[in-house]
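Hello,

Here is the structure I promised to pass on to you. My notes on two of its interfaces follow below.

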Amino acid sequence: MTGTIMRVNGIRKAFGGLVAVDDVSFDLMPGEIMGLIGPNGSGKTTTMNLISGAFALDRGTIELHGEPISGLPANKVAHKGVARTFQLLRLIEEMTVLENAVVGMAFQPGRSWNAAMIARSREYLEVVGLADKAGVEVSKLTYIDQKRLELARALAMEPKVLLLDEWLAGLNATELLSGIEVIRKIRDLGTAIIMVEHVMSAIHSLCDRCVVMNAGAKIAEGTPAAVLTDPHVVEAYLGEPHHA
Amino acid sequence: MFMNALLSGLTLGGVYALVAMGLTIQYGVSRSLNLGYGEFLIGAAFAVYVLFGALGISPYLLALVVVPVAFGLSWLIYRVMLTPILRRARTPVALEIDSLLLTFGLLFAMMGIMLLVFGSNYTSYTYLSVPVRILDATVALNRLVSFGAAVVVGALAFAFLMRTRTGMALRAVAVDPVGAQLVGIDVKWAAGLAFAIGGAIAALGGVLISTYMTFTAEMGVVFTMKALIVVIMAGVGHVVGALLVGLALGLIEAFVAAYLDPGLTVAVIYAVFLLALIVRPVGIFGRAVR
Amino acid sequence: MIVRSPVPYILILAISGLLAFMPFFASGFQMAFAIGCLNYAVLATAWGLFSGPTRYVSLASVVFFGIGSYTVAVLGEVLPWPVILLISALIGGGVALIVGLATLRLAGIYFVIFTFGLSEMVRQLVTWYEVNVTRSIGRYIFLDITQPQIFWQLLGLLAVVLIGAVALQRSRLGFALRVIGGDETMARHFGLNPTFAKLGLFTASSAIMALAGAIMAPRWTYIDPAIAFNATLSFQVVIMALLGGMHRIYGPLLGAVLMSFLFEALGSQFPQAFSLLLGLVFIVIVYLLPNGIIGRIEELFALKRAVPQSTREGERT
Amino acid sequence: MTISRRGALASIVSIGLAGSLGVNAGYAQDADTPVKIGYAISLSGPNAGGAMTTQVPNYRLWVHEMRERGGILVGDTRRPIEVIEYDDRSNSEEAVRAVERLINQDNVDILLAPWGTAINLAVGPLFDRHGYIHASATAITDRAPDLVQRWPRAFLLSGTAESWAVPVVELLDEARAAGHIGDEVAMVSVADAFGIDLAQAARTAFEDFGFTLTYDQTYPVGTQDFSSILSEVSDTQAFVAFSYPPDTIALTDNAQLRDFNPAVMYVGIGGAFPMFHDRFGDTVDGLLTHGGLNMADERVQGYIALHEEVTGQRPDSAGSIVTYAALQAMEQAIARTGSLNGDVVADEMKTGTFDTVLGEINLGSQMMPNIFKAGQISNGYVVGLGPLGVPGRGEFVVPKPAWPAR
Amino acid sequence: MLEVSNLSVSYGRHLALSDVALSVGQGEIVVVLGANGAGKSTFIKALAGLVTPAPGARILLGGQSLERLPAHQIVEAGLALVPEGRHLFSTLTVAENLSLGAFLPRTRAQASDSLERVFAVFPKLRQRLSQIAGTMSGGEQQMVAIGRAMMTDPQLLLLDEPSLGLSPLLTTELFRALPNIAATGTSVLMVEQNSHQSLSISDRGYLLEDGRITGEGAASDLLQSEAVQKAYLGM
């Protein structure tokens with residue numbers, strides 16, 4: 001243990017001629033919530049996909065607890081303890097809430113297929129506040145509840161690192177507040193979190209640190225307050241201020 | 001020998017290409033695979049057989065009647081049978097399965113009608129079975145005419161798709177249905193039209209083939225499958241690709257028969273097809289994203 | 001989800017046990033019908049085993065069925081019957097393994113067409129082999145296996161397949177397959193290896209089909225590639241499974257039984273118009289039963305239950 | 001003709017009610033009780049073309065003739081006839097089931113054979129087990145001598161592949177002796193049971209007769225373009241094709257087209273079919289093919305006329321007359337024995353002599369003796385030429401007349 | 001020109017757009033600003049007929065109501081969309097893409113005039129007519145997409161995040177072209193997240209947050225307003 005839980009080092013990914021992620025590095029500390037922000041198309045989601053093993057890296061390394069996880073397929077990365085949510089919900093509509101949550105836990109190494117495992121999965125429904133809807137079919141859930149379930153499923157993996165890809169997007173003001181509470185609760189349970197987010201109020205209130213990306217590159221890193229006043233960052237979001 | 005194989009391959013391939021072209025237009029634009037495609041071909045063959053026998057008019061002239069009828073019938077089938085499925089399907093996969101099943105039913109229904117009307121006997125007549133010598137090879141005039149017609153119709157279809165506004169609209173729908181809507185193309189209209197054109201081409205293929213081939217009411221599926229292989233190998237919706245792959249398959253068949261073993265022709269065709277599919281699942285001319 | 005209830009197993013065994021007495025009082029025709037029905041039931045269930053959760057529409061059923069039949073034709077008079085059955089299952093599974101490795105990355109219609117092409121190619125290759133190597137295309141099968149024996153074997157196989165299917169559905173692997181069928185990309189991110197699971201299932205399903213082919217072979221006395229690798233069978237199996245509903249274990253079974261009755265009715269009452277009526281029935285099925293009969297039944301139940309909101313858990317069969 | 005069917009379906013549902021009565025039930029001897037005649041045959045599928053040419057018309061003709069006479073004579077009672085016809089869709093499994101249905105559900109008294117080698121062999125055990133006569137003119141198998149031992153009531157009238165291949169080779173031998181061809185022969189065969197088995201039998205025979213095969217290839221079922229094959233054999237003087245109806249037509253058409261005109265040319269199934277003549281007219285005179293008739297025989301002429309009158313189509317020159325003759329033999333045996341019991345009738349069929357359209361025949365070998373298996377097309381029919389020794393052989397025209405110019 | 005009122009869209013139980021009202025005048029450039037997930041794309045798709053609005057919505061273009069029309073008839077009515085992801089006919093040439101823009105009988109007559117207008121705005125395209133659209137760079141494709149939409153001779157041009165995926169330089173070039181389009185009498189309505197550049201060429205702007213319009217004003221006012229920055233950066 002070097003103090004960091006995950007180290008992303010000089011990763012790069014190009015699709016055809018388009019370099020989506022270009023030489024990005026950052027560290028993640030235990031128990032930390034790190035924001036990964038930037039304007040649309042800046043490469044945040046691709047970065048998440050590289051960490052979770054959805055895409056293969058062109059270059060660079062990713063280590064978890066000092067052990068390389070780059071180059072592993074997604075299922076192996078999951079076994080190492082990296083869980084994620086998806087920008088567009090990827091729940092299984094024909095399954096119940098509980099069954100979806102079990103998906104997170106059932107295929108982790110060392111788990112046996114028994115009632116205890118199910119019961120344990122159910123605990124994570126409680127964490128996100130869905131315990132009373134365990135038997136409901138997913139298609140009958142409200143949007144926010146489906147989002148909660150995405151999170152519960154990821155938590156049921158009992159991951160070391162949790163990747164949240166715009167998990168708060170599309171929530172209304174009250175839902176947002178409860179969503180922020182949930183994330184905070186998870187962090188308090190000891191899971192390190194990387195969150196890609198556009199909801200800046202959430203970034204401000206949740207993140208210890210932010211990495212800002214633009215056009216595939218990291219352009220700033222620091223506390224939310226610091227990076228969001230950084231002129232480079234403002235320009236990345238709003239466009240060049242001095243335009244004729 | 002070589003010349004013979006070449007000619008035989010081209011005449012064979014010409015018809016494959018023609019038939020596949022119709023299917024690729026249907027499937028590429030409407031995105032519904034029509035398993036009853038070959039039945040239009042056989043239906044046209046029977047129609048020409050009967051009319052030729054009764055009236056003695058040249059099958060090629062009869063095509064002027066049979067082909068438009070097939071055009072209208074296909075259009076009707078699309079509008080009446082397939083559009084409800086289209087409205088219902090929530091995902092592309094569901095649409096694919098539904099239209100497969102539906103046209104599978106269509107296949108049996110059409111075949112059943114032909115069985116009732118024409119029986120299950122071998123049917124054949126002869127027209128323009130006259131030898132033509134080209135270099136040291138001999139080929140039947142009816143096959144040559146078919147090849148010529150395949151080339152001409154191929155060229156016409158190509159010109160239609162490439163040069164006319166309507167053709168361009170069909171291509172646009174095949175490439176990007178959303179984009180097509182955004183320039184004001186009625187995608188359902190385009191799909192119906194493509195379905196009708198496909199049916200017409202199948203019927204033309206039937207007319208041509210009937211002049212030299214023995215056929216039965218149950219043979220349609222053979223042509224559907226041959227065409228489908230060409231379509232998939234070339235890449236769905238790729239007209240020129242279908243033309244080239246169709247010709248290539250004809251040539252392969254002829255050269256395998258001439259130089260390897262006639263017993264292996266079909267096996268080699270399928271082997272080539274399976275290999276092509278493994279190496280390039282989207283087809284030789286297909287693009288990863290249609 | 002974790003269900004230990006022995007009820008389905010007991011039911012399957014009890015019903016098969018009862019059916020096992022059929023040969024003692026049924027007529028030859030009823031036996032013939034029952035055998036045909038069981039054969040379709042085994043094939044459709046095996047097909048649904050793989051295609052239900054993965055949603056791959058395979059038209060290769062006849063490849064494996066034919067492999068089973070040919071194994072019997074080749075080895076029938078050489079080896080003891082159980083050994084032949086074992087070998088046919090092994091060959092069927094082995095071929096499926098190879099085919100699966102090459103093709104399971106193909107999706108949608110491409111997989112459908114590939115499997116169809118495969119059945120045609122296998123038929124041509126067997127023909128070519130027989131023509132050029134054995135120099136005789138038909139093979140005779142004279143085995144002293146009676147109609148009731150075939151019946152019992154098929155019944156046993158069906159019972160085993162159904163029990164296996166129920167056990168599978170309750171197992172982690174079965175759960176994994178539902179997840180993969182739901183969203184393969186997502187499944188990978190939760191530690192699943194979809195290729196492995198799909199391959200295993202494809203192999204198992206194919207081995208069952210080969211077994212069915214082997215058991216059925218002695219009914220025919222004579223087989224040739226056109227009989228053993230008749231592509232119509234693949235289509236029939238798919239249609240049966242879809243008619244019943246491929247998303248449930250008992251869907252294909254139900255479809256196979258109903259379709260057997262339908263074939264029988266059309267074949268005996270309207271032999272001249274069989275194709276036409278069959279086609280029309282299909283068209284009607286597509287319009288009226290998009291999710292199969294089981295799907296329709298479930299819809300009806302769902303409507304009835306709609307008022308008291310249920311929070312059901314556990315197995316959903 | 002009235003065709004009636006029992007509610008087979010209803011009885012599957014009420015399983016057990018319509019239990020099996022065991023074997024062929026010829027118990028009811030009441031003169032008013034109809035005799036049930038049933039068959040399942042390929043009305044659709046790849047075999048239908050053959051079945052509808054050689055067998056089904058003759059079944060209908062036979063029934064028609066008996067009805068004309070007031071029914072089937074069982075002993076000295078004429079009993080009405082009821083016919084049940086099913087489609088096996090050219091599928092072995094379907095055929096087995098349909099025959100089971102005829103036996104157990106419809107309780108037919110007389111079962112007629114299906115079409116083709118494979119399906120006849122598939123239903124053979126059923127006919128045997130339930131004690132029915134199995135008289136088939138379209139099953140050609142080398143196991144025929146074996147099978148008639150195994151199935152004592154089976155009459156595999158067409159015999160072995162060898163019995164069809166050897167007469168062809170004999171004719172070639174004759175042509176060689178007359179100096180029209182040499183020792184070299186080209187042969188092709190279709191890759192199905194008929195083509196392969198006959199080609200294999202022919203290979204042995206060619207060797208025995210001192211011929212050498214310069215070309216020996218097989219092509220897949222469905223092949224319609226023979227230019228590659230014919231261009232390879234263009235110089236040959238003796239050409240033998242064990243082909244199947246669609247390819248028989250395609251081969252002939254192709255040969256005419258490229259003026260491939262060997263001194264001796266043989267084509268397989270289809271050459272003896274009326275549709276072949278419809279298609280080519282007299283341009284195919286002189287072509288050798290399977291089957292053959294003694295065209296000088298009045299009975300044969302009478303048969304042809306009757307067939308055409310009743311069924312509206314001409315018979316083919318091979319399977320038709322054999323099928324009909326066998327039916328006549330069976331009819332006579334039933335009349336003589338006064339029984340519908342398979343064993344009794346079969347014994348009579350094996351020991352008696354019958355007056356048929358093929359003349360006086362005796363079926364002691366359980367195969368049809370003295371029928372032509374190779375002949376030469378002339379004026380729409382096949383003039384029987386071989387095997388040697390069959391009475392009424394026609395004149396063998398060698399070399400074959402040139403194709404008319406196209 | 002365009003009058004939208006009471007426009008709501010929901011996906012299943014998720015309300016993506018709620019009671020949006022907005023107007024665009026003749027020859028005006030209007031921008032709708034909002035962070036990701038604010039409902040911008042849904043808004044524009046609803047206008048173009050690609051998603052169905054909830055009952056009660058009113059979308060009037062020059063007096064004609066569009067809310068129940070299918071997408072291709074909306075084009076006929078004079079509203080053209082340049083969608084996110086462009087949806088070009090990637091295997092067709094630039095010339096074909098543009099001429100498909102003038103597919104409708106109404107627009108066919110003016111096709112050559114329209115084409116000249118496209119070239120006037122994007123002179124670069126004149127040399128690229130025979131190139132396959134899919135082989136062009138992102139910026140060029142965006143020009144073709146806008147050009148294609150202009151060929152439909154629209155009264156109103158809708159742009160869904162035109163700057164997405166473009167380099168700053170290309171974005172600048174693109175935004176410079178928009179006033180030229182508006183100058184020909186075609187109104188422009190776009191949704192953007194690049195607020196500075198889009199506002200600097202717009203007449204008016206709206207702020208969209210959580211599927212609701214939370215602010216509107218003259219572009220110059222919004223440019224100075226902190227509300228915009230807050231909508232994005234939460235400051």
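Let me start with chains A and C: 35 residues of chain A are in contact with 26 residues of chain C, where contact means heavy atoms within 4.5 Å. Please keep in mind that this is a predicted model, in which local features need pLDDT of at least 70 and side-chain atom pairs count only at pLDDT 80 or more, while totals for chains, interfaces and linings use all residues. Residues are numbered from 1 along each chain as its sequence is written, chains are lettered from A and ligands numbered from 1 in the order in which they are written, and side-chain values use heavy atoms, with hydrogens and water left out.

**Chain A with chain C**

Between them, chain A and chain C bury about 2,800 Å², with 63% of it on carbon and sulfur atoms. Buried area here is the accessible area (1.4 Å probe) that two parts lose on being put together, summed over both. On the chain A side, A:E99, A:F107 and A:W113 supply 26% of the area buried against chain C, more than any other three residues.

A:E99 also turns up in a salt bridge, its side chain meeting that of C:R178 at 3.1 Å, N to O. The count between the two chains is three salt bridges (a side-chain nitrogen of Lys or Arg within 4 Å of a carboxyl oxygen of Asp or Glu).

Which elements of chain A give two or more residues to this side? They are helix 2 (74-80), helix 3 (97-106), helix 4 (115-128) and helix 5 (143-156), helices being DSSP runs (H or I, at least four residues) numbered from the N terminus. Helix 3 of chain A brings the largest share, six residues. By class, the chain A side divides into 18 nonpolar, nine polar and eight charged residues; Ala, Val, Leu, Ile, Met, Phe, Trp, Tyr, Cys and Pro count as nonpolar, Asp, Glu, Lys and Arg as charged, and the others, Gly among them, as polar.

**The two domains of chain D**

Chain D is divided into domain 1 (7-160 + 295-304 + 319-362) and domain 2 (161-294 + 373-386), with bounds from an automatic or database domain assignment. Their centres, taken over C-alpha atoms, are 31 Å apart. Here 17 residues of domain 1 are in contact with 14 residues of domain 2, and the two domains bury about 1,300 Å² between them, 62% of it on carbon and sulfur atoms. D:I140, D:T160 and D:M295 lose the most area in domain 1, together 40% of what that side buries. The count of salt bridges between these domains is zero.

Best wishes
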